[in-house]
Amino acid sequence: MLEIIKQPWPWYVAGPLIGLTVPALLILGNKSFGISSSLRHACAMCIPGKIPFFQYDWKKELWNLFFVLGIFFGGVTALTFLANPKPMQLNSALVKELNVYGITDFSSLVPVDLVRWDKLLTLPGFIMMVGGGFLVGFGARYAGGCTSGHAIMGLSTLQWPSLVATISFMAGGFVMANWILPFILML
Amino acid sequence: MANLLIDQTAEREHDMRAMDSMCINESQKQHKWYYNLKYLTVGLFFGILFVKAEVISWFRIQEMFRLQSFHMYGIIGSAVVVGMISVWLIKRFDINTISGEKITFTDKKFSKGQIYGGLLFGLGWGLTGACPGPLFAQIGMGATVTIVTLLSAIAGTWVYGRFREQLPH
């Protein structure tokens, strides 16, 4: 049994389970599934300044911070007890392309050739980690949600603005992965 | 007049909250802090799921945006279908929360932010290969440098809040 769990889980198992998070949070306490709001709560909690956007009672939103803390521990648990010893099965076209940019280590879920502490102050590393993180945080809040809040919760409740947001997420990702990222990796 | 002002402020506060998945439909019940542990448990399963389904893999996200694999589309697609059916069932059978409160839904309002912000978010997603949820799981599974990405995302959120009034919505 444990051997099966250690294998990568196929989409038709993982997808429906992710979908079940929506009713789980609703039934546990009438909470809407959304992860990026935790970043807003972090701001409201630590550095609200005098900014109206962060003036609210974040203590009411503690559940959301517990939820993301749980995700962190989920990562720890998966690493400690359920790690898959084999490297990932990737599309050979992607492997070939990434090899050109010197990305040859596929042992982790992150590209360790680029995403590690001593690469932080290289240009591509800085753009990816600091620049990318900034865009994720800024963009998610500007859009009023991220993949969980819009693509999953929003579409589940048939909100057309969430469809607009989801299409924009995908468009931005396509442009980055196909046309901008190659230049960054060449730096 | 004073009442009108209060109404407007309340409405503003409501809109502000409604932009996020926040407790607009505030619970009237006061719970002890440890009631939040149930959300930690859901998060825990969710995090394991993220790692085991390789949703938090930078490589899987690259495959998705290059149309080289069906995996992520299958995951998001089936998650949405299951979510839709669940929400429909909750509405159809008027299911309450475990503490007996009514489950409510708030409609999202359209704003141009969903386009501009969405595109910026997409650029960041393609770059980091992680949306906010996976960031937490990546740190957990040992990619500690992702803490920098997370802090940067918090900084991005703060900058948005700071300049919100000047941005087109």
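View 1. Look for L67(B) in the loop between α3 and α4 of chain B; helices here are DSSP runs of H or I with at least four residues, numbered from the N terminus. The phi of L67(B) is near 55°, a positive value in a residue other than glycine. Most residues other than glycine have a negative phi.

This is a predicted model, in which local features need pLDDT of at least 70, side-chain atom pairs count only at pLDDT 80 or more, and totals for chains, interfaces and linings use all residues. Residues are numbered from 1 along each chain as its sequence is written, and chains are lettered from A in the order in which they are written.

**View 2. The loop with D94(B).** Between α4 and α5 of chain B, the loop holds D94(B). D94(B) has a positive phi too, near 50°, and is exposed, with 8 other C-beta atoms within 10 Å.

**View 3. Helix α2(A) meets α4(B).** The axes of α2 (residues 11-29) of chain A and α4(B) come within 7 Å and cross at roughly 35° (axes are lines fitted to C-alpha atoms over the stretch in contact, and angles run from 0 to 180 degrees between N-to-C directions).

**View 4. Where the chains touch.** In this view, 109 residues of chain B are in contact with 116 residues of chain A (contact means C-beta atoms, placed from the backbone, within 7 Å).

Conventions: Contact = placed C-beta atoms within 7 Å. Helix = DSSP H or I, 4+ residues; strand = E, 2+ residues; numbered from the N terminus. Buried ≥ 20, exposed ≤ 12 C-beta atoms within 10 Å, placed from the backbone.
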